[in-house]
Amino acid sequence: IGCKESGVIKLVYNNRFGNNLFQYALARILNMELGFRVNFENPEHPGCAELRELNIVPTEVPSRSIVTKYSDTSLNNVPNKTVRGRFSKRELCNLIQTCQPMTVNYDMTYARDYNFYRPYKKFIRCHWFNFPSFNASNSDTVQILGPPQENDVVVHVRLGDIEFTPVKHAKHRPASFAYYETVLRGIEFSRVFLIVEPNSVNHSLVSQLVETFNATVVSNRERLVDFWYMMQAKKVVMSPSSFSWWAAFLSEAIEIHYPLIGSYHHRFSKELRLLVNDESRYVYHDIKANNFFLKFSQLRMNRKVW
């Protein structure tokens, strides 16, 4: 750590599970670089409670600085930095380089930019998260269906809130049947597992995929079983979803199919910059341009966005 000062990062979780993982990961980066301890400010939030109760993240992230003995009152007069909304890599670097006692209020920021996380991949994958494993003894789903095998493909179908809310977000919408069909017809597999939220199992898109590819639906109230199925797969077909992004990124898959659609399209979104540009296992599919099976080097980049 370059900074030897005392301080605290006040992390306020908001939104759903996938976004909570982005929030926690960025807090850990700040903890590593600044040395400040992390306070979880809203432990009652469903995401925070789930992450901590299942020991996916520790109950506390202590200071890494040599200055460890201080009280909250000793920080009353130090500068406050609020991290809110869109947070750029330049702002992150400036915050790290400031190196002074401070309170970092980290609220309503998802920091969905792969450039933040790329230098810390080893820590993210090996140290900062501890996802549970499941087998026939502790999961009815795994007992019935078994885990994904070497040549199975696990497909995430995100519908849920973006499908059923009264007003759909123009940039955040589900991938179409055409995307899933094109990808699945272009790869080899033995079985198809569909990861679907319980309130979406009867959706027409799910029914089409089941009928066309004899797919098996995996749908749990316990979302970590769904997450585990994706992490165990050797072939993953993502949906435009932060849950999907994290499960694929943390997986040992050798083949990950990434839909370029809505806010997940690199040329049309300033909100997300999540293309994984240093791993050959990612395959990109530009749905709007009807251009499928692309490597990162084949993508047409918009420099203002990327």
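**Close-up 1. Ten residues line the largest cavity of this predicted model.** Tyr264, His266, Leu272, Arg273 and Leu274 are the lining residues that lie nearest the centre of the largest cavity. The space inside amounts to about 40 Å³. If you go looking for others, note that a search of the whole structure finds one cavity of 30 Å³ or more. What is the make-up of the lining of the largest cavity, by nonpolar, polar and charged residues? Six residues of this lining are nonpolar, three are polar and one is charged.

**Close-up 2. The second largest pocket holds about 260 Å³ of space.** Its lining is built from 13 residues, and Arg125, Met231, Leu250, Ser251 and Glu252 are the closest to the pocket centre. Which helices each supply at least two residues of this lining? They are α5 (121–128) and α10 (223–232). Of the contributors, α10 gives the most, with three residues. Sorted by class, the lining of the second largest pocket has seven nonpolar, four polar and two charged residues.

**Close-up 3. Helix α5 packs against helix α11 (residues 242–250).** As a reminder for this view, two packed helices are described by the angle between their axes and the distance between the axes. Here the angle is about 90°, and the axes of α5 and α11 are 11 Å apart. Angles of 65 to 115 degrees count as roughly perpendicular, so α5 is roughly perpendicular to α11. Which residues make the contact between α5 and α11? On the α5 side they are Lys121, Ile124 and Arg125, and these meet Trp246, Phe249 and Leu250 of α11. Four of the contact residues are nonpolar and two are charged, with no polar residue taking part.

**Close-up 4. His45 sits in the loop between β2 (37–40) and α2 (46–53).** Is His45 buried or exposed? Its relative accessibility is 14%, and buried means under 20%, so His45 counts as buried. Now for its neighbours: leaving aside residues up to four places away in sequence, His45 touches Tyr13, Asn14, Asn15 and Asn20.

Methods: Residues numbered from 1 in each chain as written. Predicted model: local features only at pLDDT ≥ 70, side-chain atom pairs only at ≥ 80, totals over all residues. Heavy atoms only, no water. 1 Å grid on protein atoms, 1.4 Å probe; cavity = no way out; pocket = protein on both sides within 12 Å on 5 of 7 lines; lining within 4 Å. Points joined across faces, edges and corners; volume = space filled by probe spheres on them. Nonpolar A, V, L, I, M, F, W, Y, C, P; charged D, E, K, R; others polar. Helix = DSSP H or I, 4+ residues; strand = E, 2+ residues; numbered from the N terminus. Buried < 20%, exposed > 50% of the residue type's maximum accessible area, 1.4 Å probe, protein only. Contact = heavy atoms within 4.5 Å. Axes fitted to C-alpha atoms, helices over the stretch in contact; angles between N-to-C directions. Parallel < 35°, antiparallel > 145°, perpendicular 65-115°, else oblique.
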